[in-house]
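Me: Can you walk me through this one? I'd like to go over the sheets and the ligand site.

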Amino acid sequence: MDKELPEQTVLELRKVSCAYQAGHPAISDISFSAREGEILCLLGPSGCGKTTVLRVIAGFEPVSAGEVWLSGRLVSAVRLTVPAEQRRVGMVFQEYALFPHLCVADNIAFGLRRLMRDRRRAQVQAMLEMTGLIGLERRYPHELSGGQQQRAALARALAQKPVILLLDEPFSNLDPDMTGKMRQDLHDLLRQTRTTTILVTHDHDEAFAMADRIAVLNQGRLEQVDTPEAIYHTPATPFVADFVGQADFIPGVVQNGVVRTEIGEFPNQVGYENGVKVVVMIRPDDVHIMPVKDSPVRILSRQFRGSENLYAIGLPSGQTIHSSEASTHVYPVGTPVELRVAATHTVLFLAR
Ligand code: ADP
Ligand code: MG
């Protein structure tokens, strides 16, 4: 065992890069770690390198720089790639990749050939029970719904008692109306089995619902690794702020120790010097509107979202800011309003 790693760290990436074509890294300088039992979500837009990170961890792609450590063992470095079958990593691919010519039970048993027959049978049975697939064990993949296929793929991966489970967009092939329940079931299953998991998704709601911590990837680089709450309320970059929810960026300038903007003053938390141009990131949940008789600030549009109304508000400068109001607060387009902004959640970035 490597003495440098704290015991509970299962996975650690140290400044990892991976390039499919020399000189064009798909991921660069990626560092993060996962603790035992943790669910870590890799979040980012399509093409940002999420699957590549998983393939590196699984041992399917070599690294062009950096190191991957699994359970205290160096498994990837330049000129070192411990083969996938020696890593005890479970992977569920986006399209599940079940063996079409094997029934559910045989798919699950596939990686258990080394076990004695009784042990193997018991292990398959335990996995069928855990994933709610009892009664479907003799079905073939094409005879299963998307959700059942996903559970069969999970059962196959978990049967081998992996040290870490890698899930690539596990809900992308499911009907949207199923995903809420499936997320909850998967979360319960991972917690119950204390499975250390890296879950890849492009959907911030999914990451918020599932993750202990979220790592946000953009164009092959990590922008922030943090709790869901910190990612949402204190994003490290404008990209993160924008990617994980509606955000408006209001220009301002630092004067006498505060940030002056057209919608009022904000604290200069970062301590920028006078004269520095900044943008204040504000979420709709922190902006409230009060109808008034007369104001140059007006409602541009209202989007009904069930539990809330999302208003777009036009400012005198032409800039738009959004406000989330209770679904019962209905005001017509064109209504002059006054803004109340809760300054506690605002985040400052340097203007570019
Ligand atoms: P994501 O999973 O976030 O959508 P990927 O990791 O699949 O992103 O891809 C990251 C980048 O690497 C993309 O630009 C993609 O086109 C490229 N890429 C992925 N797989 C290959 C491959 N086998 N050969 C060449 N380029 C690839
Ligand atoms: Mg992908």
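**Sheets and ligand site**

Reply: Strand β7 pairs with strand β8 (residues 164-168) in the parallel sense, over four bridges. Keep in mind that this is a predicted model.

Me: Which residue stands opposite Met91 there?

Reply: Leu166 in β8 stands opposite Met91.

Me: And what sheet do those strands belong to?

Reply: An open sheet of six strands, in the order β7-β8-β9-β3-β10-β11. The pairing in this sheet is mixed. Its edge strands are β7 (89-92) and β11 (221-226), and each of them pairs on one side only. On average, neighbouring strands are turned by 20° against each other, direction ignored.

Me: Remind me, what holds strands of a sheet together?

Reply: Strands of a sheet pair through backbone hydrogen bonds, and the pairing is either parallel or antiparallel.

Me: How many bridges join β17 to β18?

Reply: Six, and the two strands run antiparallel, with β18 covering residues 308-314. Within that pair, Ile299 stands opposite Ile313 in β18.

Me: OK, switching to the ligand. Which residues are around ligand 1?

Reply: Tyr20, Ala26, Pro45, Ser46, Gly47, Cys48, Gly49, Lys50, Thr51 and Thr52. By class, that shell has four nonpolar, five polar and one charged residues.

Me: Which element gives the largest share of the shell?

Reply: Helix α1 (residues 50-58), with three residues.

Me: What about polar contacts, say from Lys50 to the ligand?

Reply: A polar atom in the Lys50 side chain lies 2.9 Å from an oxygen atom of ligand 1. The side chain of Thr51 has an N or O atom 2.8 Å from a ligand 1 oxygen. Gly47 takes part through its backbone, with a polar atom there 2.7 Å from an oxygen of the ligand.

Me: And how much of ligand 1 does the protein cover?

Reply: The protein covers 54% of the 560 Å² of accessible area that ligand 1 has on its own.

Me: Back to Lys50. Is that residue buried or exposed?

Reply: Buried: Lys50 has a relative accessibility of 6%, and the cut-off for buried is under 20%. Lys50 is part of helix α1.

Me: How many residues of α1 are buried?

Reply: Seven of its nine, so the helix is mostly covered, with buried meaning under 20% relative accessible area. The buried residues of α1 are Lys50, Thr52, Val53, Leu54, Val56, Ile57 and Ala58. Of these, Lys50 and Thr52 are also among the residues around the ligand.

Me: What comes just after α1?

Reply: Gly59, which takes a positive phi of about 95°.

How values were computed:
Residues numbered from 1 in each chain as written. Chains lettered and ligands numbered in written order. Predicted model: local features only at pLDDT ≥ 70, side-chain atom pairs only at ≥ 80, totals over all residues. Heavy atoms only, no water. Near = heavy atom within 4 Å. Polar contact = N/O pair within 3.5 Å; in protein donor to acceptor, adjacent residues only side chain to side chain. Areas by Shrake-Rupley, 256 points an atom, 1.4 Å probe, with all protein chains shown as cover. Nonpolar A, V, L, I, M, F, W, Y, C, P; charged D, E, K, R; others polar. Pairing = 2+ DSSP bridges. Buried < 20%, exposed > 50% of the residue type's maximum accessible area, 1.4 Å probe, protein only. Axes fitted to C-alpha atoms, helices over the stretch in contact; angles between N-to-C directions.
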